[in-house]
Amino acid sequence: MLLSWPRPRQNSQPAERQHGQAPGPDMPKLPPQPVRKTPIALALGGGASRGWAHIGVLRALDEAGIEVGMIAGTSIGALVGGCYFAGKLDQLEEFARSLTVRRIAGLLDLTIGGGGLLGGMRLTRRMQEHLEGLRIEDLDRRFVAVATELSTGHEVWIDSGSLITALRASYALPGIFEPVHCNNRTLVDGALVNPVPVSVCRAHEQLLVAAVNLHYDSYGRSAVIKHTAAIPDTEEHRRTSKRERLGLTGVMVQSYNIIQDRISRARLAGDPPDLALQPRVSDIGLSEFHRAAETIDRGYQEAQMRIGELRRLQEVLAR
């Protein structure tokens, strides 16, 4: 026998009114609450003159309305990040774009018998014009500069005290700039131990970490080459060779460049960022600070292309 169950009585009222949720004439509709997007933490890597690309990255993020909640910077990454949080990015960009080979030479103060070829005090005086007396604690967002303790090789995170001292310590390239003495420690460039400081952002429990790596396209993955015939150079070979003559400073900088690249690859493999920005700056020499305009543009273009990915990551974390 076929049984038919009585159907429930249909109510013509909208569902909202059935549950007493429909707004009455005296009950205004509430506007939808905007979803708060997760701010990003930036790990700004070292790279000498290539670091001007960080300025372009920050410009693109600002234009897109993406909030930067923290910056961990190494070397020139610390310089750009510290100036950004201090509200001095405009002044830094103006300074960078004004550099010529002659102006750069005028900023360098050669020292004899010190811990580096350059004392760096002329650069420090330029920073003092804009950052004098400013402490890291005065910044409205978290900022950490990475340096290296020379006597122990320890990685040092500077998150308080004089902003100028922190920046100087972070970019004190060994052999070029004199080490910075602070709190009974002798500090040099942080890129010796942590060229792209993603780990600093992770340690501060940042949910979304983006890294700017300035060495990604400088070299390929490391390879081992079997050199079967170790034949010493002859005078004729030296005359006909087209090998680039780098000089003392060039050899030091290029060797340091290789070190940063290999350390970056090893550390980022173990602690990768959520998003890696990799401006194409390998053709810009580490000492070519006068090429700031094109370097900034390349950082801007790289960040612009990745804005969509950053927004999608923010949406995922906001759920």
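**Reading burial, strands and rings**

User: Which residues of α2 are buried?

Analyst: In α2, the buried residues are A53, H54, I55, G56, V57, L58, A60 and L61. Buried means under 20% relative accessible area, exposed over 50%, and partly exposed in between (1.4 Å probe, protein chains only). Helices (H or I, at least four residues) and strands (E, at least two) are DSSP runs, numbered from the N terminus. The model is predicted, so local features need pLDDT of at least 70 and side-chain atom pairs 80 or more, while totals for chains, interfaces and linings use all residues. Residues are numbered from 1 along each chain as its sequence is written, and side-chain values use heavy atoms, leaving out hydrogens and water.

User: How many residues of α2 are buried, and where does the backbone take a positive phi?

Analyst: An α-helix has 3.6 residues a turn, so residues three or four places apart point the same way. In α2, eight of the eleven residues are buried, and the helix is mostly covered.

User: Is β1 covered or uncovered, and on which sides?

Analyst: Check each face of the strand in turn. On one side of β1, I40, L42 and L44 are buried; on the other, A41 and A43 are buried. Five of the five residues of β1 are buried, so the rest of the structure largely encloses the strand.

User: Which strands pair with β1, and in which sense?

Analyst: Two strands pair if DSSP finds at least two bridges between them. β2 (residues 68-74) pairs with β1 in the parallel sense, over five bridges. In that pairing, I40 stands opposite V68 of β2. From β1 the chain passes through α2 to β2, a β-α-β crossover that is right-handed. Right-handed means that, with the strands pointing away from the viewer, the path from the first strand over the helix to the second runs clockwise. β9 (residues 209-212) also pairs with β1 in the parallel sense, over four bridges. There L42 stands opposite A210 of β9.

User: Where is an antiparallel pairing, and how many bridges does it have?

Analyst: Look at β4 (residues 142-149) and β5: they pair in the antiparallel sense over four bridges. V146 stands opposite W157 of β5. The two strands form a hairpin, with five residues between them. In the turn, G153 has a positive phi of about 80 degrees.

User: Which face of β5 is covered, and which is uncovered?

Analyst: V156 and I158 make up the covered face of β5. E155 and W157 make up the uncovered face.

User: How many aromatic pairs does the whole structure have?

Analyst: A pair of aromatic rings is described by the distance of the centres and the angle of the planes. Rings of Phe, Tyr and Trp (its six-membered ring) pair if their centres lie within 6.5 Å; planes under 30 degrees apart count as stacked, over 60 as edge-to-face and the rest as tilted. A search of the whole structure finds three pairs. One of them, W52 with F289, is edge-to-face: 6.1 Å centre to centre, with 75 degrees between the planes. This pair links distant parts of the chain, 237 residues apart. W52 lies in the loop between β1 (40-44) and α2 (53-63), and F289 in the loop between β10 (275-277) and α11 (292-318). At 2% relative accessibility W52 is buried; at 24%, F289 is partly exposed.

User: What is the geometry of the pair of Y171 and F177?

Analyst: Y171 and F177 are edge-to-face, at 5.6 Å centre to centre and 65 degrees between the planes. Y171 has 13% relative accessibility, so it counts as buried. F177, at 17%, counts as buried too.
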